[in-house]
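Here is a briefing on one protein model. Take a look at the structure first, then read the points by topic.

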Amino acid sequence: MLNYLSRTLPDFPWDTLADVTALARSHPGGLVDLSVGTPVDDTPGFIRQALETASNAPGYPTVWGSDALHEAVIAYLRRRWGAPELDSRHITTAIGTKEVVGWLPTLLGLGSADLVVFPSLAYPTYEVGALMAGAKTQRADAPGEVTGKPSLIWINSPANPHGAILGVDEIRAWVQFARQCGAILASDECYGEFGWDAEPVSVLDTRVNDGDLTGLLDVFSASKRSNLAGYRAGFLAGDPVLVQELVALRKHLGMINSAPVQAALAASLRDQQHVDAQRARYRRRRDVMAAALTGVGFRVEASQGGLYLWATRDEPGRKSIAWLAERGILTAPGDFYGPAGASFIRAAMTETDERIDAAAARLAAR
């Protein structure tokens, strides 16, 4: 058996939902799938046109990205996220940011002597990536909760699953802590465009890093902001020494975005109007589902940003999942994301308006 498979990895979480998925699918009105955060709205036409225009691509693209992509990334990070002066040394591409989350510990050469820290409630791939590298893991939501000396720290804001948003002081504290212990601080900001009750802050923001990107990596995806999940389009930005070390490794391993995808990503980053339109769609869906869930006894907690509602009826989350599945609504159990989520569900707003409205109507009818 492969060495990786002999390591203790958790089961793929969604494989445990077969029974409730079948139950939800059996509803006469059809399934409303709020379990996975995969976009359902159309990829904007101008982005698809950029992909098509660049489709005559007979040569190999660069791992680090085209000049046009770098220009778009740098302008976007300066305009939208308050980054300091950047150049091409600070940027490289990613084949969707799940790839980065899963492989970063291995690419950094971490092993059994290293500790990877990630939030107490977190996207499962932070843990999987650490375990694949053979590293130790620890869950912590503030520097004071870390008991070892980490080599890599993940933060995620707005957070998956619960949508909490870290403020300037909180991110600044993580930056200072990481530098004190010599750790790399990686910030997963794939939901950054979707702040509802607070404004998200980037680790690249000069208010948190004083214009010094040493030891910092921003992991950014276009999947959610631009409905590009099928393109696998993302990028890394931050410490130029660290970024260039990753570029060198990624060249060896063939971790390359196609030239047409790079062109589409560049086009998406130059435009904010389509992001604002998508924000409005998600806000409406969020408002509809929040009212529907609270109307049947759920309490929505955190959920300041991102694409999910984090809700509980103060009962085992799996019981809540089954109750919703009887009504044809599939959500994710909070225990997917850590023991602290055992009494919660996560409901994604990545269904069409019609399906969201159908779910709300079913809950209103009970």
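Helix H12 (residues 317-325) lies across E12 and E13, at about 45° to E13. The model is predicted. E12 and E13 belong to an open sheet of four strands, ordered E9-E10-E13-E12, with antiparallel pairing.

- Strand E9 (299-301) and strand E12 (332-333) are the edge strands, and each pairs on one side only.
- Two bridges link E12 to strand E13 (residues 344-348) in the antiparallel sense.
- Across that pairing, proline 333 stands opposite isoleucine 345 in E13.
- H11 also packs on this sheet, where it touches E9, strand E10 (308-312) and E13. The direction of H11 makes about 10° with that of E10.

**Seven-stranded sheet**

- An open sheet of seven strands runs in the order E2-E8-E7-E6-E5-E3-E4, and its pairing is mixed.
- Strand E2 (91-94) and strand E4 (136-139) stand at the edges. Each has a single partner strand, so one side of each lacks a neighbour in the sheet.
- On average, neighbouring strands here are turned by 20° against each other, direction ignored.
- Strand E6 (residues 184-188) and strand E7 (residues 216-221) run parallel and are joined by four bridges.
- Serine 187 has aspartate 218 in E7 as its bridge partner.
- E3 and E4 also run parallel, joined by four bridges.
- Leucine 115 stands opposite lysine 136 in E4.

- Helix H6 (residues 125-132) lies across strand E3 (115-118), E4, strand E5 (152-156) and E6. H6 runs at about 160° to E4.
- E3, H6 and E4 together make a right-handed β-α-β unit.
- Helix H9 (residues 240-253) lies across E2, E6, E7 and strand E8 (234-238). H9 runs at about 45° to E2.

**Buried spots**

- Where is histidine 90 found? Histidine 90 is in the loop between helix H4 (67-81) and E2.
- Histidine 90 is buried because its relative accessible area is 7%, and buried means under 20%.
- Leaving aside residues up to four places away in sequence, histidine 90 touches Glu85, Leu213, Leu236, Ala237, Gly238, Pro240 and Val243.
- Helix H5 (residues 97-107) has eight of its 11 residues buried, so H5 is largely enclosed by the rest of the structure.
- The buried residues of H5 are Thr97, Glu99, Val100, Val101, Gly102, Leu104, Pro105 and Leu107.

**Aromatic pairs**

- How many aromatic pairs does the structure hold? The structure holds 12 aromatic pairs.
- Tryptophan 174 and phenylalanine 177 form one that is edge-to-face, at 6.1 Å centre to centre and 75° between the planes.
- These two residues are three apart in helix H7 (residues 168-181), so about one helical turn separates tryptophan 174 and phenylalanine 177.
- An α-helix has 3.6 residues a turn, so residues three or four places apart point the same way.
- Tryptophan 174 counts as buried at 3% relative accessibility. Phenylalanine 177 is buried too, with a relative accessible area of 15%.
- The ring centres of phenylalanine 194 and tyrosine 282 are 5.3 Å apart and their planes stand at 90°, so this pair is edge-to-face.
- Phenylalanine 194 lies in the loop between E6 and helix H8 (206-209), and tyrosine 282 lies in helix H11 (residues 273-295). The pair therefore ties together parts that are 88 residues apart in sequence.
- Both phenylalanine 194 and tyrosine 282 are buried.

**Aromatic cluster and charges over rings**

- Which residues form one aromatic cluster? Tyr76, Trp81, Phe220 and Phe235 form it.
- Arginine 80 has its charged end over the ring of tryptophan 81, 4.2 Å from the ring's centre.
- Arginine 327 has its charged end over the ring of tryptophan 323, 3.8 Å from the ring's centre.

Technical notes. Residues are numbered from 1 along each chain as its sequence is written. This is a predicted model: local features need pLDDT of at least 70, side-chain atom pairs count only at pLDDT 80 or more; totals for chains, interfaces and linings use all residues. Side-chain values use heavy atoms; hydrogens and water are left out. Two strands pair if DSSP finds at least two bridges between them. Axes are lines fitted to C-alpha atoms, for helices over the stretch in contact, and angles run from 0 to 180 degrees between N-to-C directions. Contact means heavy atoms within 4.5 Å. Buried means under 20% relative accessible area, exposed over 50%, partly exposed in between (1.4 Å probe, protein chains only). Rings of Phe, Tyr and Trp (its six-membered ring) pair if their centres lie within 6.5 Å; planes under 30 degrees apart count as stacked, over 60 as edge-to-face and the rest as tilted. A charge sits over a ring if NZ of Lys or CZ of Arg is within 6 Å of the ring centre and within 35 degrees of the ring normal. A crossover is right-handed if, with the strands pointing away from the viewer, the path from the first strand over the helix to the second runs clockwise.
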